[in-house]
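Here is a short note for a colleague new to this entry. Please read it with the structure open.

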There are 2 protein chains.
Amino acid sequence: MQAEIITIGDELLIGQTIDTNSAWIGHALSQIGVRVTKISSIQDDELEIKQQLDVSIPKADIVIITGGLGPTKDDLTKKVLNEYFGGNLIVNEKVQARNEAYFATRNRPNLAVNQQQALVPDNCTVLFNHNGTAPGMWFEKSNTIVVSLPGVPYEMKALMSDEVLPRLRENKQLKGLYCRTIQTTGIGESFLAEYIKDWENDVRKNGLSLAYLPSPGIVKLRLSSYSGEHEKVNRAIENLKTLIPQYFFAENDDSFSQIIGKILMQRKQTIGTAESCTSGKLANEIVKIPGASAYYNGSIVAYSYALKEKLLDIPSALLDKQGAVSKECVERMAMNGKEKLSVDYCIATSGIAGPTGGTSEKPVGTVWIAIAGPNGVEAQRFQFGQLREVNIELSCSNALRLLLNKLKNE
Amino acid sequence: MQAEIITIGDELLIGQTIDTNSAWIGHALSQIGVRVTKISSIQDDELEIKQQLDVSIPKADIVIITGGLGPTKDDLTKKVLNEYFGGNLIVNEKVQARNEAYFATRNRPNLAVNQQQALVPDNCTVLFNHNGTAPGMWFEKSNTIVVSLPGVPYEMKALMSDEVLPRLRENKQLKGLYCRTIQTTGIGESFLAEYIKDWENDVRKNGLSLAYLPSPGIVKLRLSSYSGEHEKVNRAIENLKTLIPQYFFAENDDSFSQIIGKILMQRKQTIGTAESCTSGKLANEIVKIPGASAYYNGSIVAYSYALKEKLLDIPSALLDKQGAVSKECVERMAMNGKEKLSVDYCIATSGIAGPTGGTSEKPVGTVWIAIAGPNGVEAQRFQFGQLREVNIELSCSNALRLLLNKLKNE
């Protein structure tokens, strides 16, 4: 089953908004076995929208459109779809009631432009939007499904998850799909492929399909059957796990932070960070997970030498001699941070994010990461590249990877 | 002058990579007066690439392609472009020398697949890539410019900035472009439009064009002349600034963090943060700016009640009575943080990011922000929405906005 995505909005074309919707939809569809073959971002323009539909509908089994459903005059999608599919706009009472209640509780008038949000074409299935004034719409034309969704990411995601994906899963072409994903770390894609070559040949011979999904520090492997062969998939996944215990770290799509959070929650342990070069980003990665307050206490960001001394008790002699970007400093940061934050584990980072501040001995991109835990402290040196933001990001993902390895082995 | 962007890569379609290149290119082109009319993301597939070129070339003055220039067999763009424009692949010696030196200094062999990176079509202008093995290529066909760039964002950006944009600026259609952008805050787009209506009518009558560029908390106004009328643009911008002194906060595209950094650097003042709900993200926003170490000392992230007491001296009686999400608590956090971090300004945040933890009095999305400075402390309550990550982001952007206002008035 093939899909095309159309995102509508001038703001996408002038680079004011990054189109994150397409990637989210592409990922969600690929999870249920639908392949996205094209993404088109087009202007809020009647002719452009119609021309794009003319091109996409014959090529795809499903076309997902986002954007252009707001109440202002720029937003043309509903009008155009109504004309394109030859419908008539009628009031949907459920949507109307929801929107009236919405404005009433906020003591704001339900202006004429907003009242129009309750109008829907009479030849579509209305997908009720709990999070906004614009409903989703589901059309069918000559064997192609055309779905129109709002462009606001959380409204779109809720409608995809609650309405679109469940309906698509019922489709006979997709009904047999069964897949499992495992995550590996510490090995690159091409080396992993070489390592599990025989296993891969076997699963392919067995009619299963395998996808490699690499991202910084992680390679995911997704194994799928399109004919409902749960047993075959399960057996192959269990075999794979025994084949690569040193690289395997999780099933499903959980991030490092999520997996770490689950382990700490289960073990009733706590965590904190003592950061220099990552300056709060590591703390933020941990706290992105809802419920993190159960295991995350807090952090000390000591960016200046003075605060490293004052807040983390790093001796000034150590800073003068070894410098802040050193094994000794980062280990002390982790140990003293553990103490001061009253946590079971403390991650510390210290490095030269760039673009300036490098030396021949410690060039830009040099980063030390240490983890102090119940069984002592360990540090590792990394050499990243020239770009400040990338160095900060890589420091965080590697710090979380090291912690996860440690937690798995304790 | 109209442009289309084509991004090539299966990873974009399955949502593994978010296409940030298009937005960057769209923004850069719009700055020099080129309008992007369409973005197409397509598969690594010969036929798809050729079909897309057939569609895009007749419609656009310039087509910018990114991706598909790597050394592996997935990467087809160069081969396809060479065929499409009827060229022959020849070795470019400058590229070859660069790539050989690159692998030699890393003690890695220059494999056959990598040697192919130095081959270029003989009918294009080669755009030398200092940051990677794949050169950019500039073709011209029936009045359309077709540029192919690597998909790695920092390689693409450097080639756009150093090679593509300067060449386009020389184009006669664009040579007259002169524009200035100012940033406003504290007023919504539609209210601003109403407020400056007469001024807007005047500049339009004068043949200048005006664009509103809204983003969370900020509305940018870009005023352009396409016929080199610097004087007219400058005069109108100065008039506008006197018209809206309470909303105007910066020229150009600087972020809050950048402007704050410049002011602090100039005044030789320092900053730190005492964070609860934003948990390090605010510190990270400040430190994103290269050179932040000149004015940023560090942060205390006190997520738990216990650490609020231990690290920020918040009295437990206050936490018990008013709670952490209160004016009293956030003001103390800011004042004590200022002291402990030895800074001139300290921003403090405390709120309920969600999805749980809300009460009828303090629902999810309630956030207090305080700033302590040389002239005392001030706090403000915000009510955001239901989504954890959005609440954390809005807390940060509003905190920086409040600080900037404070700095401007001191």
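**A sheet across two chains**

1. An open sheet of 10 strands runs in the order β17(A)-β16(A)-β15(A)-β13(A)-β14(A)-β14(B)-β13(B)-β15(B)-β16(B)-β17(B), with mixed pairing. The edges are β17 (376-383) of chain A and β17 (376-383) of chain B. Each has a single partner strand, so one side of each lacks a neighbour in the sheet. From one strand to the next, the twist averages 15°. Keep in mind that this is a predicted model.

2. Look at the join. Strand β14 (residues 296-302) of chain A and strand β14 (residues 296-302) of chain B run antiparallel and are linked by 5 bridges. A:Ala302 has B:Gly298 as its bridge partner in β14(B). Helix α13 (residues 305-312) of chain A packs on the sheet. The helix touches β13 (271-275) and β14 of chain A, and β14 of chain B. Its direction makes about 140° with that of β14(A).

3. A further pairing links the chains. Strand β2 (residues 35-42) of chain A runs antiparallel to β2(B), with 5 bridges between them. Here A:Ser40 stands opposite B:Ser40.

4. Now the interface as a whole. In chain B, 62 residues contact 62 residues of chain A. About 4,600 Å² is buried between the chains, and carbon and sulfur atoms give 56% of that area. B:Leu13, B:Ile39 and B:Tyr303 supply 11% of what chain B buries against chain A, more than any other three residues.

5. What of polar links? On the side of chain B that touches chain A, strand β2 (residues 35-42) gives the most, with 8 residues. That side divides into 27 nonpolar, 24 polar and 11 charged residues.

Definitions and conventions: Residues numbered from 1 in each chain as written. Chains lettered and ligands numbered in written order. Predicted model: local features only at pLDDT ≥ 70, side-chain atom pairs only at ≥ 80, totals over all residues. Heavy atoms only, no water. Pairing = 2+ DSSP bridges. Helix = DSSP H or I, 4+ residues; strand = E, 2+ residues; numbered from the N terminus. Axes fitted to C-alpha atoms, helices over the stretch in contact; angles between N-to-C directions. Contact = heavy atoms within 4.5 Å. Buried area = accessible area lost by both parts, 1.4 Å probe. Nonpolar A, V, L, I, M, F, W, Y, C, P; charged D, E, K, R; others polar.
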